[in-house]
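Please keep the sequence and the 3D view at hand while reading.

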Amino acid sequence: LTVIMNILSNVCKIHRAIIMLVNENERQLEYIYGTDYSGKVPKEIKNYTVSLDRLSNILARVTNTGRSEYVPEVNSSSLRKENIMLTHVKPTSVYVVPLITRSKVIGVIATDAIDGRGVPQETRETLEVFAPHIAIAIENARLYSRLQEQMAELKKSQALLSRSEKFSFLG
């Protein structure tokens with residue numbers, strides 16, 4: 001994720017963004033990674049979750065619809081101004097893109113602008129191109145992690161089986 005954010009920072013000129021992934025069991029989006037101007041993401045944002053049933057929330061809405069949304073002017077928008085994300089980072093504009101792999105939304109990436117010019121069109125277009133690749137990379141990392149866990153379980157089972165065979169041979 002660090003590599004992904006560094007690429008986005010360089011290619012898309014993104015300085016602040018978060019990735020939130022769907023937790024299927026809890027039916028919510030959960031913070032997974034972020035980058036910030038100062039290098040520190042506030043604890044409140046790291047602990048931020050969004051129920052997928054909250055369609056008034058732009059992150060949940062993008063996850064449910066699978067369509068990107070751009071809010072060029074946060075102050076005059078219908079976004080809830082008391083939202084943790086808005087109160088902590090104070091963006092002037094927000095752009096949220098779904099992370100889709102195998103026709104399924106696995107999360108979102110959200111970026112913003114703090115100047116009056118908003119998130120540039122070129123940045124939005126580039127992010128649209130990169131989003132599917134980011135989703136595939138995240139999904140591959142998840143699969144690799146699961147494979148490692150299964151391999152560790154298999155080795156443990158093999159060791160137990162081997163020990164059991166030795167004990168049965170000894171009677």
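**Lead points**

Asp-53 is exposed, with a relative accessible area of 55%; buried stands for under 20% relative accessible area, exposed for over 50%, and partly exposed for what lies in between, with a 1.4 Å probe and protein chains only. The model is a predicted one, in which local features need pLDDT of at least 70, side-chain atom pairs count only at pLDDT 80 or more, and totals for chains, interfaces and linings use all residues. Residues are numbered from 1 along each chain as its sequence is written, and side-chain values use heavy atoms, with hydrogens and water left out. Helices (H or I, at least four residues) and strands (E, at least two) are DSSP runs numbered from the N terminus.

**The sheet**

- Six strands make up an open sheet in the order E3-E2-E1-E6-E5-E4, with antiparallel pairing; two strands pair if DSSP finds at least two bridges between them.
- Strand E3 (49-51) and E4 are the edge strands, each of which pairs on one side only.
- On average, neighbouring strands of this sheet are turned by 20° against each other, direction ignored; axes are lines fitted to C-alpha atoms, for helices over the stretch in contact, and angles run from 0 to 180 degrees between N-to-C directions.
- In a regular strand, side chains alternate between the two faces of the sheet.

**Strand pairs**

- Strand E2 (residues 28-35) is joined to E3 by three bridges, and the two run antiparallel; Glu-30 stands opposite Thr-49 in E3.
- Strand E1 (residues 17-23) and E6 are antiparallel and joined by five bridges, with Leu-21 opposite Gly-107 in E6.
- Nine bridges connect strand E5 (residues 93-101) with E6 in the antiparallel sense.
- Within E6, Ala-113 is the bridge partner of Ser-93, and Thr-111 is that of Tyr-95.
- E5 and E6 form a hairpin with two residues between them, and Arg-102 in the turn has a positive phi of about 50°.
- Strand E4 (residues 69-71) is joined to E5 by three bridges and runs antiparallel to it; the bridge partner of Val-71 in E5 is Val-94.

**Buried strands**

- Strand E6 (residues 104-113) has nine of its 10 residues buried, so it is largely enclosed by the rest of the structure.
- Eight of the nine residues of E5 are buried, so E5 is likewise largely enclosed by the rest of the structure.

**Helix packing**

- The axes of helix H1 (residues 2-11) and helix H5 (residues 121-170) come within 12 Å and cross at roughly 170°.
- H1 and H5 are therefore roughly antiparallel to each other; angles under 35 degrees count as roughly parallel, over 145 as roughly antiparallel, 65 to 115 as roughly perpendicular and the rest as oblique.
- On the H1 side, the contact is made by Ile-4, Ile-7, Leu-8 and Val-11, and on the H5 side by Thr-126, Leu-127, Phe-130, Ile-134 and Ala-137; contact means heavy atoms within 4.5 Å.
- Eight residues of the contact of H1 with H5 are nonpolar, one is polar and none is charged; Ala, Val, Leu, Ile, Met, Phe, Trp, Tyr, Cys and Pro count as nonpolar, Asp, Glu, Lys and Arg as charged, and the others, Gly among them, as polar.
- H1 also lies across E1, E2 and E6, running at about 65° to E2.

**Salt bridges**

- The count comes to seven salt bridges, each being a side-chain nitrogen of Lys or Arg within 4 Å of a carboxyl oxygen of Asp or Glu.
- Asp-53 forms a salt bridge with Arg-27, their closest N and O atoms being 3.2 Å apart.
- This pair links distant parts of the chain, 26 residues apart: Asp-53 is in the loop between E3 and helix H3 (58-65), and Arg-27 is in the loop between E1 and E2.
- Arg-27 is partly exposed, with a relative accessible area of 41%.

**A salt-bridge network**

- Arg-102, Glu-139 and Arg-142 are linked in a network of salt bridges.
- Between Arg-102 and Glu-139, the closest N and O atoms are 3.3 Å apart.
- Arg-102 lies in the loop between E5 and E6 and Glu-139 in helix H5, so their pair ties together parts that are 37 residues apart in sequence.
- Arg-102 is exposed, with a relative accessible area of 64%, whereas Glu-139 is buried, at 10%.
- Glu-139 also forms a salt bridge with Arg-142, the closest N and O atoms being 3.7 Å apart.
- Glu-139 and Arg-142 are three residues apart in helix H5 and are thus separated by about one helical turn.
- Arg-142 is partly exposed, with a relative accessible area of 27%.
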